[in-house]
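Here are some notes to read alongside the model on your screen. Take them one at a time, and find each residue as you go.

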Amino acid sequence: MGQAPVRLLVTLAALACATSRGRAEAPTDLGPSAVEAPPPGFYRDAEGREFQVQFDLNQRFWLGLGYRHTFFEDQTDGGGLALDLGFRVDTLSVDTRKKTRWRILELDLAPSTNGRLRLDASLMRFDTSTLGDRPFLALTTFIGGPARHDLYLQGGWWMDLLGVELREHRHADPSRALRLRYAALGAHWDLWQDADMTSFVRVRVGGAIDSRMVDDEVAKLSLTPLAALEGEFCFDDAGFHRLSMSAAAELELAPLASADLDPRWRFDQRLAYEVIALAIDDQPISLRLEGRATRRDGIDGGDASGWELAAEASLRVSLWAPPRDLAARDAARRLRSGHADAPISPSGSPR
Amino acid sequence: MKAFLRVGLALTLAVVTSGARAEGPERRIIQDAEGRSLRVGFDLGSRWLFGASVDPRTGTGHFEHALLVRERDDEGIRWKLDHAFLEGAADTHGGWSATLYHGLFLRNSGDGSLVIPFSPTAPPLRIVLPADLGFEVALGSVARTPGEHWTVGVARADLLFDFWRAETAGSYLALRTGMAYELAGETAFAHVQHVVTPFSRVGLDLMHTFDSGRQVVLVQAALSHRMVVARDATAWSNLLSAHASWEGIVLAIDDAPVSVLAELGFDRDADRDVLRATIGLRVGVPTD
């Protein structure tokens, strides 16, 4: 990537940070003389115009367009347009102990990079996290006198329905590999999460039923155990700065297929930062930077194996994105710790 | 004789328990400073047991399973009943054993007497015994050693004299004698041997439960003089077995005890000597 695009991205990011900081602090300038307070998450300027200054990017439909530069396993590299879209809804239960996350119709498409096509899509991804109000395990130790140590369970289960992964390489033979993921199911354990479970770090394990087809070959059914370490972080109350990361490993097995399908490893590491730069009619537009490293044995059209490294910068238009429910977040904090600013640690005690 | 037994018992207990109070297993729950409940009293005779241990000398791993149920009456004449269902053990060399049911029944009366009503009109006969009486039975045992030697224990029954006479279950010093009948063979069932022990077994058992039921010491020794009846010959053989173990709870997970087990065992029969020294862990789900 040349220096000019980098300089441009840095400038945009700095502008976005400055803008968000100004917006987040702006409501505190309102004095007690304000006639009527604007709704939570909105700001009224001197001319009486109200506009949204807090956004929940976990509740939105987004459409993103950007540039992705990829370094392929065969020592070549190239760049091209990348498109992504999706719908996400997160809900927090009334008692603030259960978070449910829905991701629907996600698409990630890089149509042409050095004669290669990359497409990932899924119909629905679902997961739910529960914070137990009773200890998951109560450990009593008897060395040095009886003492009780409580462990709280934070976690839940997840499910994916109908995923598609298409890889095409026009200059290779065979040239196309398609993987269909019919369903995946598993459990996750939240190592850490904040009060309203917007930010978290978790371990996810489970299994998937896939089928893989190379060119016009008959699809072969496989069973894929998988594991991932994932995290999402929202750094500010206004919801302007978000960081997400994941490191996943899958092993495609073929217990139901013919013996010629060898086990295949798949690795996927991603790190992404997103910052809201501006809003048009209260619909935020954000800048997103992402780096990813993937390896898919035998999926790049033929049997090629190796790592692909990609860097992407994109702009996302988000629709809906209501203000964050900070009242629920504060209630959750009070409920769990009694200390207003203390996130909840896995042991259930204030950090 | 009575004085001798009491002195012997006192000395034995002093050595084995190092002054531990002779308290029985009980379900005792306390609260910590934060008001949380935690169980500190356990009954290791009432649990669904899973265990794994290893012999450090040979590296052999051992696994065990049992469903233990302990019952006892609290007033009057106490019957202390220890039931063990579906006992199973296996090792990494291919040996295994299983017992369908194993029961130990000890009777304890406050004054150590046995009352026998011979007639509805005459006063009952009251016999003062120096020991409590008890029985032990085992039904449906199967065992296989790595050398293709197998035994089927049809039944075993022992009469016990418990000189400790503890009011609580889990502690006894018992002299035993009994009979047993089992089948034995090598690989195929064609050459089955009938092994009969006609009240020619004697043994001594010491079990002590202390520290609110969190620690148990068990010492057993027995000598059996057995008649082995084969198709063409009858012979007598001796079986000597000795066993000592200590088990202590070090952790409880949701009030389910996790204990450390140290075990030493020795068996000698006509063919071989077997020494076993293991250390391991037991996890139990309480059934009381």
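The points below start with chain A, move to the interface and end in chain B.

1. Before anything else, please keep in mind that this is a predicted model. Every value below was computed from it.

2. Let's begin with chain A as a whole. It holds 2 helices and 16 strands. Of its 351 residues, 46% are buried. The chain exposes about 16900 Å², and carbon and sulfur atoms supply 63% of that area. Now look at how the chain meets itself: among contacts with a separation of 6 or more, 60% are between residues 24 or more positions apart.

3. Next, zoom in on one loop residue. A:Arg49 sits between strand E1 (42–44) and strand E2 (50–52) of chain A.

4. Setting aside neighbours within four places in sequence, A:Arg49 is in contact with A:Tyr43 and A:Arg44. A:Pro38 is 11 residues away along the chain, and its C-alpha atom is 9.9 Å from that of A:Arg49.

5. Now for the place where the chains meet. Here 15 residues of chain B are in contact with 12 residues of chain A. The area buried between the two chains is about 1100 Å², with carbon and sulfur atoms giving 59% of it. Which residues of chain B lose the most area to chain A? They are B:Arg36, B:Leu38 and B:Asp254, which together account for 39% of what the chain B side buries.

6. Leaving out residues up to four places away in sequence, B:Tyr172 touches B:Leu104, B:Leu106, B:Asp162, B:Trp164, B:Asp205, B:Leu206, B:Met207 and B:Leu218.

7. Some strand pairing comes next. In chain B, E11 and strand E12 (residues 193–210) pair in the antiparallel sense over 12 bridges. Here B:Leu175 stands opposite B:Leu204 of E12. E12 and E13 of chain B also run antiparallel, joined by 13 bridges, and B:Val196 has B:Met227 in E13 as its bridge partner. The hairpin of E12 and E13 has 4 residues between its strands, and B:Asp211 takes a positive phi near 55 degrees there. As you trace these strands, remember a general point: in a regular strand the side chains alternate between the two faces of the sheet.

8. B:Ser141 lies in strand E9 (residues 132–144) of chain B. Is B:Ser141 buried or exposed? B:Ser141 has a relative accessible area of 19%, so it is buried, because the cut-off is under 20%. Its side chain makes a polar contact of 3.2 Å with the side chain of B:Thr99. Not counting residues up to four places away in sequence, B:Ser141 touches B:Ala98, B:Thr99, B:Thr151, B:Val152 and B:Gly153.

Conventions: Residues numbered from 1 in each chain as written. Chains lettered and ligands numbered in written order. Predicted model: local features only at pLDDT ≥ 70, side-chain atom pairs only at ≥ 80, totals over all residues. Heavy atoms only, no water. Contact = heavy atoms within 4.5 Å. Pairing = 2+ DSSP bridges. Buried < 20%, exposed > 50% of the residue type's maximum accessible area, 1.4 Å probe, protein only. Areas by Shrake-Rupley, 256 points an atom, 1.4 Å probe, with all protein chains shown as cover. Buried area = accessible area lost by both parts, 1.4 Å probe. Polar contact = N/O pair within 3.5 Å; in protein donor to acceptor, adjacent residues only side chain to side chain.
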